[in-house]
Amino acid sequence: MIGSVVIVGGGIAGVSTAASLRTGGFVGEVTIVDTGEFPYDRPPLSKDFLSGAKQLTEIALQTPQWYDDNKIRLIPASKVTALHTSTGEVELFDGTAITADRVVLATGGSAARPPIPDSTSTRVHVLRTADDATRLRAALTPGARVLVVGAGLIGAEVASTAVDLGCEVTLVDPVRPPLTVAVGAEIAQWMHQQHSARGIRTIRAGVQTLRDNASGIEALLTGTDRTDNFDVVVLGVGMAPETRLAEAAGLDVDRGIVVDHTQTTSNPAVLAVGDPARTRRDGDLSPRTEHWEAAQRDGQRAAATILGIAAPADSASWFWTDRHHRHIEVVGALGGAERTVLRGALGDPAFAAFGLVGDRIVGAVGVDDSAAVRAARRLIDRGIAVDPDRLADSSVGLRTLLRG
């Protein structure tokens, strides 16, 4: 019988695991070890928290009372330094050892730093933690010249927030337009054009060198011989999974902690969830999924595995981004669609795009239209055939399409 679970990491994956254990009826000990003051939500770090609109306590994943009510022991401001799989012991940095029947690794990751000379300058920032966001916020003063490297989700959101704060922003990315695989070329192009509409200079390039000087930090872009000076550089080029603890414990690691469909690692007493987890299916390793809901679902699956119950049914992938005062949600993927159907006009106050293969939806994007994405997700999950003309007709309720 499993009497105790230790969760290493307090992001959404770790907290979801703990919550799902309790809602599933687990009565044993549940401990979360987290490096922060308390577990907090990460998406606001590039938006409301970065802008100063919200304080750290306002983006906490749960209140202190929640941990007490659910009898979850939270060990904050701590770090696990070793996992001894032979004894089930988790060793903390202060020498304390906790014994657990199951250990869940929700170790997250760190912001990626490409090998750019001088990228360790104090003027160069990354954004992964609340401390990162606090330091960056202090630098984003009105009129500051800001270079954002990477126009994916984090880079685009930081650029949007920096413009709102009165900064002069340049956004560079070698891929144009970014996010094409997820949202399709047409929507990706529209999303990228919103930067220019807000006064952001966008350049298709990477960064070759960075160099501190008396007036800021000088950047040389790839494919050019022109340099520009900036006050702030933000690297938004992805994350590196935190796998060191798993590697030291002898677990199977391959650009992520390898798990099966139940979130179980190569050691049956250890599970892994969230950003560092990489699933092996039918012998093949899937790419890691670094979205909020994916991490939440990992936690739910891990809890189901520990409880010995059926895991929640899979659903089409979903994520969101907020930029330039538009809320964008994406379900599935439009990159492989044979055709795209617009509901509303591109750029309308609210519109949606649906990617189809044959008469089945494979992905959808809603811009300020969450209802369309929710309906599309059900259509994808159920494999319901749709009439493209009715799908495009805003007078036809999307719920009616669910009836086939």
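**Reading strands, rings and a pocket**

Me: Which residue in S14 is the bridge partner of Asp212?

Reply: It is Ile217. Before we go on, keep in mind that this is a predicted model. The general idea here is that strands of a sheet pair through backbone hydrogen bonds, in either a parallel or an antiparallel way. In this case strand S13 (residues 207-213) and strand S14 (residues 216-221) run antiparallel, joined by six bridges. Two residues lie between S13 and S14, and the two strands form a hairpin.

Me: And how do strand S1 and S2 run, parallel or antiparallel?

Reply: Strand S1 (residues 4-8) and S2 run parallel, with five bridges between them. To find your place, look at Val5, whose bridge partner in S2 is Val30.

Me: Why can strand S2 be called largely enclosed by the rest of the structure?

Reply: Count its residues: strand S2 (residues 29-33) has five, and four of them are buried, so the rest of the structure largely encloses this strand.

Me: Over how many bridges do strand S23 and strand S26 pair?

Reply: Strand S23 (residues 326-332) and strand S26 (residues 360-367) pair over five bridges, in the antiparallel sense. Ile328 is a handy place to look, as it stands opposite Val367 in S26.

Me: On to the side chains. How many aromatic pairs does a search of the whole structure find?

Reply: The search finds four aromatic pairs. The general idea is to describe a pair of aromatic rings by the distance of the centres and the angle of the planes. Take Trp190 and Phe351: their ring centres are 5.2 Å apart and their planes stand at 90°, so this pair is edge-to-face. Trp190 sits in helix H7 (residues 185-197) and Phe351 in strand S25 (residues 351-357), so to speak two distant parts of the chain, 161 residues apart, linked by the pair. Both Trp190 and Phe351 are buried.

Me: What is the geometry of the rings of Trp292 and Trp320?

Reply: Their centres are 5.9 Å apart and their planes are at 70°, so this pair, too, is edge-to-face. Trp292 belongs to helix H9 and Trp320 to strand S22, so the pair ties together parts 28 residues apart in sequence. Ring pairs also bring in Trp318, making a cluster of Trp292, Trp318 and Trp320.

Me: Last topic: how much space lies in the second largest pocket?

Reply: The general idea is that rolling a probe the size of a water molecule over the atoms shows where empty space is left. For the second largest pocket the volume is about 460 Å³. Its lining has 22 residues, with Arg281, Thr289, Ala294, Asp298 and Arg301 nearest the centre.

Me: Which elements each supply at least two residues of that lining?

Reply: Strand S20 (277-281) and helix H9 (292-307) do. H9 gives the largest share, five residues. By type, the lining divides into nine charged, eight polar and five nonpolar residues.

Note on methods: Residues numbered from 1 in each chain as written. Predicted model: local features only at pLDDT ≥ 70, side-chain atom pairs only at ≥ 80, totals over all residues. Heavy atoms only, no water. Pairing = 2+ DSSP bridges. Helix = DSSP H or I, 4+ residues; strand = E, 2+ residues; numbered from the N terminus. 1 Å grid on protein atoms, 1.4 Å probe; cavity = no way out; pocket = protein on both sides within 12 Å on 5 of 7 lines; lining within 4 Å. Points joined across faces, edges and corners; volume = space filled by probe spheres on them. Nonpolar A, V, L, I, M, F, W, Y, C, P; charged D, E, K, R; others polar. Phe/Tyr/Trp six-rings, centres within 6.5 Å; stacked < 30°, edge-to-face > 60°. Buried < 20%, exposed > 50% of the residue type's maximum accessible area, 1.4 Å probe, protein only.
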